[in-house]
Amino acid sequence: MAQQLLMPKATAVWLVDNTALSFDQIATFCKLHPLEVKAIADGESAQGIKGLDPISTGQLSREEIARAEANPNHKLKLSEPKVRVPESKRKGPRYTPVSKRQDRPNAILWLVRNHPELKDAQISRLVGTTKSTIEQIRERTHWNSANLAPMDPVTLGLCSQIDLDLEVERASKGRPLPTAAELGATLESAQETEKLPYSTDREEEKEIDADAVFAKLKSLKSSTPDEDEDDNF
């Protein structure tokens, strides 16, 4: 990807105000018409635009400006960027090397079994296949279904773990929360437990007769003196 100048007109304003470059040099560097650069210098154009210093942005060096000022025929050149910005990925199915294309059916079978929440379009992005192939593998109508074995696409090198996790997370966002039956829960709901009676032990304690308890204590006290008298003999 060819490097492009940031804010050409604002850069032209700065170069007109701060350098001795010719209109043609500035026009060529900023990809403007020389008459437009002349209008900027005369104050007829770009009056509301603030100049952008190309030196501070790292797109032009002072040495390059001095070289162009000394030679009117010299064309300004953009400085090499210190950081390379990666190009955006092209949208569409993932390209799969020829050596790994034979592993795609096994990877599709693994995704279908282990991540049924994934849509065909997501599997296609991960492995680089077609929806018809995915449908054939789902329905076991693929010509090589008998010999297919599920294999992790990350292990096969068809996609990265980050891409797989991202697609699984996207597919899980729209799914409803699992029910208690799906989770295998055994706890009863709060409404059912509120209707249950209290423990039967407390009911038995309420039914105990106090007179019977005290009568039993009196009988125990009356029996202890007799036992002491027998011990004295």
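Which helix is Val-154 found in? Val-154 belongs to helix H8, residues 153-156. This is a predicted model, in which local features need pLDDT of at least 70, side-chain atom pairs count only at pLDDT 80 or more, and totals for chains, interfaces and linings use all residues. Residues are numbered from 1 along each chain as its sequence is written, and side-chain values use heavy atoms, with hydrogens and water left out.

**View 1. The whole protein chain.** The protein chain has 13 helices and zero strands. Helices (H or I, at least four residues) and strands (E, at least two) are DSSP runs, numbered from the N terminus. Along the sequence the pattern reads α-α-α-α-α-α-α-α-α-α-α-α-α. Of the 233 residues, 28% are buried. Buried means under 20% relative accessible area, exposed over 50%, and partly exposed in between (1.4 Å probe, protein chains only). Among contacts with a separation of 6 or more, 62% join residues 24 or more positions apart. A contact is a pair of heavy atoms within 4.5 Å.

**View 2. Thr-11 in helix H1.** Thr-11 sits in H1, residues 8-18. Its relative accessibility is 0%, so Thr-11 counts as buried. A polar atom of the Thr-11 side chain lies 2.9 Å from the backbone oxygen of Met-7. Leaving aside neighbours within four places in sequence, Thr-11 contacts Leu-5, Leu-6, Phe-29, Cys-30, Leu-52 and Pro-54. The buried residues of H1 are Ala-10, Thr-11, Ala-12, Val-13, Trp-14, Leu-15 and Val-16. Their cover includes helix H2 (23-30), helix H3 (34-41) and helix H4 (62-70).

View 3. Met-7 lies in the segment before H1. Its phi is positive, about 50°, although Met-7 is not a glycine. Met-7 counts as exposed because its relative accessibility is 52%. Arg-140 lies in the loop between H7 and H8. Phi of Arg-140 is also positive, near 60°, in a residue other than glycine. Arg-140 has a relative accessible area of 42% and is therefore partly exposed.

**View 4. Helix H5 against helix H6.** H5 (residues 104-114) and H6 (residues 120-127) pack at an angle of about 140°, with their axes 11 Å apart. Axes are lines fitted to C-alpha atoms, for helices over the stretch in contact, and angles run from 0 to 180 degrees between N-to-C directions. H5 and H6 are therefore oblique to each other. Angles under 35 degrees count as roughly parallel, over 145 as roughly antiparallel, 65 to 115 as roughly perpendicular and the rest as oblique. From H5, Arg-104, Ala-107, Ile-108, Leu-111 and Val-112 meet Ile-123, Leu-126 and Val-127 of H6. By class, the contact of H5 with H6 has seven nonpolar residues, no polar and one charged. Ala, Val, Leu, Ile, Met, Phe, Trp, Tyr, Cys and Pro count as nonpolar, Asp, Glu, Lys and Arg as charged, and the others, Gly among them, as polar.

**View 5. Helix H6 against helix H7.** H6 and H7 (residues 131-138) pack at about 110°, with axes 9 Å apart. H6 and H7 are therefore roughly perpendicular to each other. Asp-120, Ala-121, Ile-123 and Ser-124 of H6 meet Lys-131, Ile-134 and Arg-138 of H7. The contact of H6 with H7 divides into three nonpolar, one polar and three charged residues.

**View 6. Val-154 and its surroundings.** Val-154 counts as partly exposed because its relative accessibility is 24%. Not counting residues up to four places away in sequence, Val-154 touches Cys-159, Ser-160, Gln-161 and Leu-164. Val-154 and Val-127 are 27 residues apart in sequence and 9.7 Å apart in space, C-alpha to C-alpha.

Key. Polar contact = N/O pair within 3.5 Å; in protein donor to acceptor, adjacent residues only side chain to side chain.
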